Amino acid sequence: MEAGLARLMALISPLSRWEQVSLSAAPGRVLAEPVIARLDTPPFPRSPLDGYALRAAETVGASPGQPVRLALAGQAVPVSTGSPIPVGLDCVVKAEDTRREGGMIVLTAPLSPWQNYIFQGEDMRAGAALFPAGTRLDWTCMGALAAQGVETLSVCARPRVGVLSTGGELASPGAALPPGGIYDANGPLLAARLAVLGMEPILLPPVSDDAAAIAGCIHAAFTEMACDFLLTTGGVSVGAEDSLPQAAELLKGSVLFHGLAVRPGSPAMAFSVEARPVLSLSGNPFAALAVFEAIGRPALDVLAGQPSPQPRRIFLRLADRLPASSVRRLIRAVSVGETVTPAPGGHASGQVYSLAGCNCLIDRLPGPALPPGAPVSVLPL
Ligand code: AMP
Ligand code: MG
């Protein structure tokens with residue numbers, strides 16, 4: 001699988017298109033240039049609480065027996081949470097820790113310099129590199145960007161990713177199912193996944209198992225639809241109706257790989273048509289999704305300007321025993337904290353219902369049964 005990924009990766013470089021988006025449209029987008037702090041935040045020294053700003057040196061020795069009195073305005077300035085601390089004052093006493101006596105406040109304990117004092121630039125310093133180019137912004141970045149007064153950002157264009165389901169049995173939603181027909185599950189599944197990953201999915205109508213028709217659709221996807229990358233499903237194995245290899249030939253495509261040592265999805269193939277990449281996945285919905293995650297997603301991340309040459313993986317512990325396997329398998333699963341459990345439903349590659357609610361794939365290498373608690377490699381979804 002890694003060799004196939006490497007061959008596909010060799011073809012991929014980040015898109016050079018970029019655009020300006022408003023801050024509210026930025027979550028999910030990849031920065032085309034770094035964000036540098038343009039101002040100190042907070043922009044002035046400020047108080048973290050309601051009380052009085054003063055000079056710590058004037059409170060030395062304060063105690064219940066020897067209270068210190070400071071003149072309001074002259075020596076102690078009333079401040080509320082977030083208000084500026086006047087220049088020359090170096091700490092803030094909580095209102096509750098003082099007593100008013102006419103124009104004075106009375107303190108019964110000393111303060112130290114910079115106590116209850118928020119420094120200018122304590123959060124972000126003007127000139128600091130906040131987010132490098134290639135960062136995929138998410139909502140957690142929004143507070144910092146907004147606090148900097150950022151209105152617009154330069155982000156990489158979203159890759160336009162065509163999704164073409166092939167198979168004479170496929171019907172689109174809304175159409176009546178003829179005998180032997182099934183609804184196209186892969187198109188909507190992959191399009192939804194692409195949207196979540198920050199891509200621009202272009203869902204093409206399903207096409208029958210006809211090499212020339214498929215070749216026509218692939219050509220149109222790259223020309224009329226200006227796709228940067230194309231996913232196809234179905235028709236990649238060795239059956240009489242498996243027309244993808246022939247379509248690739250008709251397009252004079254060069255095959256990057258055909259066949260992966262993983263289940264499900266082993267018949268997958270990738271080829272390029274005039275340097276534009278096509279990843280052809282098998283038709284069974286879970287097979288298509290699993291190989292997309294392992295091979296397609298890292299390639300699209302690079303295209304999107306967010307380099308990640310390998311699928312992101314983590315190591316988690318099995319909640320239950322995993323039976324022996326003579327082949328490498330991608331297993332739909334649910335992780336909670338440090339543990340991972342295969343989805344409770346059916347695991348056949350044609351079964352798609354049990355994918356609902358999964359949040360990861362276990363990448364299980366061939367080997368003997370694994371006991372509960374064994375660490376396994378996991379691709380988060
Ligand atoms: P194939 O890879 O074309 O041999 O298809 C393998 C299995 O997946 C067959 O049972 C197909 O009917 C089914 N299949 C192919 N494409 C889709 C699709 N877009 N949605 C749901 N099932 C599909
Ligand atoms: Mg088929």
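This is a predicted model: local features need pLDDT of at least 70, side-chain atom pairs count only at pLDDT 80 or more; totals for chains, interfaces and linings use all residues.
User: Good to know. What volume does that pocket have, and which residues are closest to its centre?
Analyst: The second largest pocket has a volume of about 220 Å³. Of its 15 lining residues, Leu-322, Arg-329, Leu-330, Ile-331 and His-347 are the closest to the centre.

User: And which strand gives the largest share of that lining?
Analyst: That would be strand β20 (residues 329-336), with three residues.

User: OK, now the largest pocket. What's its volume, and what sits closest to the centre?
Analyst: The volume is about 350 Å³. The lining counts 26 residues, and those closest to the centre are Glu-169, Gly-234, Ser-282, Gly-283 and Asn-284. At least two lining residues come from each of β13 (182-183) and α6.

User: How does that lining split into nonpolar, polar and charged?
Analyst: For the largest pocket, there are eight nonpolar, 13 polar and five charged residues.

User: Which element supplies the largest share of the lining in the largest cavity?
Analyst: Helix α6, with four residues. Both α6 (285-303) and β23 (375-380) supply at least two. The lining includes Glu-293, Arg-297, Leu-379 and Pro-380, and by class it has four nonpolar, two polar and four charged residues.

User: And what lines the second largest cavity?
Analyst: Among them are Arg-29, Arg-136, Cys-156, Arg-158 and Ala-304. The classes there come to five nonpolar, two polar and three charged.

User: Helices next. Which residues of α1 are buried?
Analyst: In α1 (residues 2-9), the buried ones are Gly-4, Leu-5, Leu-8 and Met-9. Looking down the axis of α1, they fall within an arc of 135°, so they line one face of the helix.

User: What covers them?
Analyst: The cover includes β15, β16 (254-258), β17, β18 and α6.

User: Last one: what about α4, which residues are buried and what do they pack against?
Analyst: Ala-211, Ile-214, Ala-215, Ile-218, Ala-220, Ala-221 and Phe-222 are buried in α4. They pack against β11 (160-165), β15 (229-233), α5 (244-250), β17 (269-273) and β18 (276-281). The length of α4 agrees with expectation too: at 1.5 Å a residue its 12 residues (211-222) should span 16 Å, and the end C-alpha atoms are 17 Å apart.

Technical notes: Residues are numbered from 1 along each chain as its sequence is written. Chains are lettered from A and ligands numbered from 1 in the order in which they are written. Side-chain values use heavy atoms; hydrogens and water are left out. The expected span of a helix is 1.5 Å times one less than its number of residues. Buried means under 20% relative accessible area, exposed over 50%, partly exposed in between (1.4 Å probe, protein chains only). Contact means heavy atoms within 4.5 Å. On a 1 Å grid over the protein atoms alone, a cavity is a set of points where a 1.4 Å probe fits but cannot get out, and a pocket is an open set with protein on both sides within 12 Å along at least five of seven lines; lining residues have an atom within 4 Å of a point. Ala, Val, Leu, Ile, Met, Phe, Trp, Tyr, Cys and Pro count as nonpolar, Asp, Glu, Lys and Arg as charged, and the others, Gly among them, as polar. The arc is that of the directions from the helix axis to the C-beta atoms. Grid points are joined across faces, edges and corners, and a volume is the space filled by probe spheres set on the points.
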